[in-house]
Amino acid sequence: MLELTDAVVSFASPGGPLVRAVDGLSLAVPAGSFVVVIGTNGSGKSTLLGAIAGTVRLEAGSMRLAGHDLTRWREHQRARLVGRVFQDPRAGTASSLTVLENIAVAACRGRRAGLRWATGRRLREEAARRLAAIVPGLETRLDQPIGSLSGGQRQIVTLVMATWQRPELLLLDEHTAALDPAAADRVIQATVRIIRDQGLTALMVTHSLAQAAALGDRLLLIHRGRVALDVDGPAKRRLTADDLAERFDALRRGDQLDDAAARTLAEAYV
Amino acid sequence: MITLLSTWTFGLALALVALGVFVSYRLFSFPDITTDGSFTLGAVVTAVLLTAGIDPLLASLGGLAAGGLAGCATAVLHAFLGIERLLAGILVTTALASVNLVVLGRSNVPLSGAHTLLDRVEGLLGPALVRAGLSASGAGEAARLAAVLAIVALAVVVLWMFFRTQLGTAMRAGGDTATMARALGRDTGGMTLAGLAIANSLTALSGGLVAQYQGFADVQMGIGMVVWGMASVFLGAALVGPVRLGGALVATVAGSVTFRLLVAAALRAGLDPDWLKAATAVVVLAALVAPRLLSRGGHARTH
């Protein structure tokens with residue numbers, strides 16, 4: 001269970017006023033839900049994920065996960081409970097280390113990294129088994145630098161790493177946006193499979209309305225730092241990419257009207 | 001023969017600086033200016049302890065520990081107080097210039113009367129080497145070379161083992177990609193602290209050994225050491241090409257010895273010793289720029 005209550009995050013825009021990227025947002029995600037998050041550029045959806053991961057600080061509000069109050073936990077402390085996959089495949093893996101060494105670091109998530117050998121035989125066998133189950137053939141590349149893998153393969157290894165120790169929450173931040181369509185498909189298949197097999201609670205931000213319509217059991221549309229649409233159950237299953245595109249257009253028209261109204265008011269009173 | 005042995009001994013003693021720079025610069029992408037200050041600090045602390053009659057092994061370890069603390073200071077400035085990497089190193093090195101002078105008492109202290117670590121090894125191995133047919137001075141030089149070689153070999157093995165443990169692997173991961181390490185629950189600030197402590201311990205041990213080898217400690221002796229270390233790391237990497245951790249550590253040692261041999265050859269060929277540091281800087285500049293020149297079709301870029 002993830003509970004975000006009245007969360008506020010502001011940024012000083014360059015040369016402009018303080019922008020509320022997350023504006024008093026509250027959200028409860030029961031354990032085992034797979035939530036897809038969409039929103040226009042600058043809607044605050046990535047900031048929301050950053051606030052949950054601990055990369056940006058909550059200015060107001062609180063956050064609880066699996067019975068812990070995480071509001072004051074730092075990023076690396078939250079990582080005990082939260083697994084993450086980034087948009088950039090390079091951000092989630094250490095290029096100069098081998099695939100197995102990267103996995104060894106993930107295997108220590110939530111524990112003290114001690115002076116025991118990092119890449120023992122048991123870890124190697126377990127890594128080979130888990131990789132082969134998702135992408136047959138990937139297990140033969142355990143001893144190669146992870147930088148030699150393709151972007152899609154790297155994202156799949158990052159997924160395996162983020163879920164090596166079962167996380168209380170998996171955060172996926174547009175993790176297929178940097179990939180070509182075929183690779184993105186493979187990563188999505190691996191994502192769905194891992195979330196289903198482990199029964200994970202997951203929050204996935206995506207740009208793709210097709211992904212948003214097809215995946216997950218709940219959909220959040222974020223707009224101006226707030227939840228503009230929250231659908232689950234049968235209503236979520238009926239949603240199509242076209243429905244979502246219409247919603248987006250409606251929001252954009254609303255913004256333009258707001259801007260037009262603001263201009264009119266400004267002109268009338270100056 | 002003896003000058004060749006001496007070049008090897010010197011190159012190996014400085015290989016510890018190169019290993020330190022390998023840790024800070026290669027593993028943590030941290031251009032650590034502290035190297036200059038901690039090399040002198042190691043020499044100064046070791047020299048003062050030796051002249052106070054402390055056991056030479058303990059004196060050398062004392063120098064090493066002092067260097068580790070200097071590394072911690074730079075790491076704290078950067079990782080916990082948010083000071084830029086280069087500036088953090090500059091601040092600590094500047095402060096160390098005073099510390100070194102105060103600890104040593106004056107700018108240069110000879111170790112002629114003191115019993116050094118290398119004297120001890122010479123006492124152990126020397127007689128056997130003389131019986132094996134070496135001249136007295138040759139045996140002494142060979143024993144010193146053996147002592148330094150053993151220390152460097154030990155350092156390489158310990159580093160190799162440490163950076164393959166869970167903790168060491170996590171540190172390498174954090175040095176490579178900090179976002180990844182934090183997302184997997186590692187505190188990258190603490191890792192920078194440990195990394196710079198290790199790097200500067202090695203550098204300070206080198207300073208202590210060099211002081212004992214040349215028979216004096218001088219507050220100027222660390223100037224340019226970080227560039228020397230980088231030159232050795234680059235030269236080593238160029239000698240062996242892309243290799244895994246163990247190979248890279250051995251290559252770094254080879255780079256240091258090779259660079260020292262090249263320097264000795266250049267001096268013999270008539271290079272004015274005053275130009276040595278400038279020449280080292282040019283080598284490092286060439287190593288930094290050459291890959292970009294080659295890959296960008298003649299245009300060097302800053303990033």
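**Entry: what I'm looking at**
I'm working from a predicted model, so I keep in mind that local features here need pLDDT of at least 70.

**Entry: chain A overall**
I looked up the secondary structure of chain A and found 9 helices and 10 strands. Next I checked its radius of gyration, which is 20 Å; the globule rule gives 18 Å for 270 residues, so I put chain A down as being as compact as a globular protein of that length. The box around its C-alpha atoms, taken along the principal axes, is roughly 75 × 40 × 35 Å. On burial, I get 41% of the 270 residues of chain A counted as buried. I also looked at sequence separation: among contacts in chain A separated by 6 or more, 69% join residues 24 or more positions apart.

**Entry: a helix pair in chain A**
How do H3(A) and H4(A) pack? I find an angle of about 100 degrees between helix H3 (residues 99-107) and helix H4 (residues 121-134) of chain A, with the axes 10 Å apart. Angles from 65 to 115 degrees go down as roughly perpendicular, so that is my label for H3(A) and H4(A). From H3(A), the residues that meet the partner are A:Leu100, A:Ile103, A:Ala104 and A:Ala107. H4(A) answers with A:Leu123, A:Arg124 and A:Ala127. By class I note 6 nonpolar, no polar and 1 charged residues in this contact.

**Entry: H11 of chain B**
Helix H11 of chain B covers residues 245-268, which is 24 residues. I get 35 Å from its first C-alpha to its last, close to the 34 Å expected at 1.5 Å a residue. Its buried residues include B:Leu249, B:Val253, B:Val257, B:Phe259 and B:Val263. B:Arg260 is on that buried list too, as are B:Thr252 and B:Ser256. Which helices do the buried residues of H11(B) pack against? I find H1 (2-27), H6 (136-162), H10 (225-240) and H12 (276-295), all of chain B. After H11(B) comes B:Gly270, with a positive phi near 115 degrees.

**Entry: where the chains touch**
I count 29 residues from chain A and 18 residues from chain B in the contact. On the chain B side, the elements giving two or more residues are H7 (166-176) and H8 (178-183). The largest share, 7 residues, comes from H7(B). By class, the chain B side splits into 6 nonpolar, 6 polar and 6 charged.

Definitions and conventions. Residues numbered from 1 in each chain as written. Chains lettered and ligands numbered in written order. Predicted model: local features only at pLDDT ≥ 70, side-chain atom pairs only at ≥ 80, totals over all residues. Contact = placed C-beta atoms within 7 Å. Helix = DSSP H or I, 4+ residues; strand = E, 2+ residues; numbered from the N terminus. Nonpolar A, V, L, I, M, F, W, Y, C, P; charged D, E, K, R; others polar. Axes fitted to C-alpha atoms, helices over the stretch in contact; angles between N-to-C directions. Parallel < 35°, antiparallel > 145°, perpendicular 65-115°, else oblique. Rg over C-alpha atoms; globule rule 2.2 N^0.38 Å. Buried ≥ 20, exposed ≤ 12 C-beta atoms within 10 Å, placed from the backbone. Expected span 1.5 Å × (residues − 1).
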